[in-house]
Amino acid sequence: MSALTLKLKTDLAQRVDCSPLTPDKLAGKDVADIAAMELVSGRLTLPVDQLFDISGDDVNDIRFENSSAKLDHIGHAMSQGRITIEGDVGAYLGQFMTGGNIEITGNTFIYTGCEMKGGQIKINGNAGDFVGAARSGYKNGMTGGIIIVTGNTGARTGDHMRRGMILIEGNAGEYCGSRMISGTIAVLGDVGKHLGYAMKRGTLLLTKMPQYGITANFNDCGSHTLAFLPLMFASFKKLDSQFANVEGFSRVRRYAGDVGGIGMGEILIKI
Amino acid sequence: MIINGVSIDKTFAEAFPMKGTRIIITAQNLEWAMHSATAFTGFATSVIACGCEAAIERTLDPSETPDGRPGVACLIFAMGGKGLAKQVETRAGQCVLTSPTSALFSGIEGDDGAEIALGKNLRFFGDGYQISKMIDGKRYWRIPVMDGEFLTQENTGVVSSVGGGNFLILAESQPQALAACEAAVKAMKQLPNIIMPFPGGVVRSGSKVGSKYKALNASTNDAFCPTLKGQTKSELSPEVESVMEIVIDGLSKEDIDKAMRVGIQAACELGAENGIRRISAGNYGGKLGPFHFHLQEIMA
C-alpha cells in the first residue's frame, strides 16, 4: 500500500473544508468512494476528484500535495494515522484531534491545533494566530498533545490552553500564553508584547529574557533550580525538533502571574 | 540432599500473595537519597504489625533515574492494594516529602496499568501553590517547599507479588549462624526484584501460627528454638545451637526461587566445617499461602 495522495489541481477561488479527509473518516473507503465524496467550498459542494488528483490507497497515511492556504480543517478530529502536507494550509489544522500525526512543510493559518486533545502537529514553517487556542467564545483550548513550530507563531499562542505542549523554535507573537489555564509553551526565540496576559496557570519557558521584558503583572520569584525541567528536556529528546538538541537546564528565573487574575501562572527564563 | 556437608531438608517454604510496588527516591547526592529511603522503609519488617514489608532494593546511578540524580530503589509490599496505597502515601508524606532535595518517582508499571497514588494526595501540602506537569504521558506534581520544590510522580504501578519466601539456617553456634546469614544476604542483595525486609535481612524470631494466648495469632517457633530442645517437640538435633531465618519478598515467584537458590548456595559454601549443619524452611502445612518453595527442587 502507498500513501493516499491528494494533489490539489488548481488555485482555489474559495476556501475548502477538508474535514472529511482524515484516516478515521476514510476508513473502509476505496479510491472511487473517496473521489466521489463531497467537500464544501464556499456555497458549493464539490467532489474530491474535482479538486484533487488522487493516487495511492493507504487511508492511514494521507498526503496533501500542492497544498493551499485555502484548505481548512485538515485533520479535523482525527484519532490515529498520519497526514503529511506539502505546502501551506488554511485554518483549523488538527482541530479537535485526539491522536495521530500531522506534519506540514509550509505555513498554517489561524487556529492550528485548536482545542486538540492528543497527537502531534509539526509545522515546518510559521503558524498563524491562536495556535492551540480555544474557538472564540469557548473556554478551553488544547487539552493534550504537542504542537511543534519550527518557525514563528502569530498572536495569542496558547490562548485558553489547558494542557499539552506548544514548542516554538522561532519567535512567538504578541499575547503569547494569554488566558492560559495550564500546560506548557516553550520558545527558543523571542516573544512579543503582553506575554502571559491574563494567564491563570501553566508554564511559559523561555531561553532568554523577552525583548519587551516582563510585564508588571508578573512578580519576580527569584532564581531557582527546578527538578522537573531535566525530565521535560529528556522528554524532548525523542522529538524531531531543535528542542531535542537543546542542552537541558534547570536553573531559571521564575516570574509568577498574571497577578491581575489568580496569578498562578509562571514564566521561567533560563539563567 | 547434602551440599558441602550441609543437609538440605526435604521441605518447602510457604509464601503468600501480596501487592507490591517499586518507588525511586532521588536526591542531590546518594547520601541524602539514602537518608530518605531508609526512613521510607523503616518499621516495615512484617505485615503482622507494620502494615507492610519494605526495604531498599538497590542504589541507582544517575543514568538510571528519571531526573539524572543519584537515587535509591525501594520495594514495598502489603496484603492488598488498598493497604499498600495507605502505606505508600503516609511514608512518602513523612519520609520523602520531608527529606531535603528529594524527588519521588514510580519505578514500575502496574499489572494491566493498575496504579496507586504516589504524590497524588501529597500535592495538597502545596496549599494551592502546587503545579501539575504532564511529561511523556505521566503526571508529576511540583510542590513548593522550603528548600525549593518537591517533585513527585502522581501514581505508581501495582503488581501482584509474593511475600514470605524463606529459609532457615541451622548452625552449631550463634556466630556461625549469623555469618552464614550475612553471606546469604550479601549474595541475594545482588539480585533485582527482591528484598529481605528484616533488620540486616535476617530474622532470629521465626514464628509459628497460633499461640496459647488467645490474643496472639503468632508466637515463637518453639520447634526451632534451641533452648527448648528438651521441652518441646523439637526439630533440632543436639549439635544445633542456633537457627536464623531469611525472609524474602519478591515481585514474582521466579524472583524468590532465584534468590533462595543464591542465598542457600552462599550459606552452604561456608559448609559443615564452619558449623552450618542444615537448611530448612518455614511452612505451615500449606495453610498460609499458595506459593510453595521446595528446597531440594530449588537446589537441584
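**Exercise 1.** Find which residue stands opposite A:Val16 in S7(A).

*Solution.* In this predicted model, local features need pLDDT of at least 70, side-chain atom pairs count only at pLDDT 80 or more, and totals for chains, interfaces and linings use all residues. Residues are numbered from 1 along each chain as its sequence is written, and chains are lettered from A and ligands numbered from 1 in the order in which they are written.
- Step 1. Strand S2 (residues 16-17) of chain A and S7(A) run parallel and are joined by 2 bridges. Strands are DSSP runs (E, at least two residues), and helices are H or I runs of at least four, numbered from the N terminus; two strands pair if DSSP finds at least two bridges between them.
- Step 2. The order S4-S3-S2-S7 (chain A) makes an open sheet of 4 strands with mixed pairing. Its edge strands, S4 (44-47) and S7 (71-72) of chain A, each pair on one side only.

**Exercise 2.** Determine why the buried residues of H3(B) line one face of the helix.

*Solution.* 
- Step 1. Buried residues of helix H3 (residues 81-96) of chain B include B:Leu84, B:Val88 and B:Cys95. Buried means 20 or more other C-beta atoms within 10 Å of the residue's own, exposed 12 or fewer, with C-beta atoms placed from the backbone.
- Step 2. Seen down the axis, the buried residues fall within an arc of 170° (of directions from the axis to the C-beta atoms), so they line one face.
- Step 3. On the other side of H3(B), B:Lys82 and B:Thr90 are exposed.
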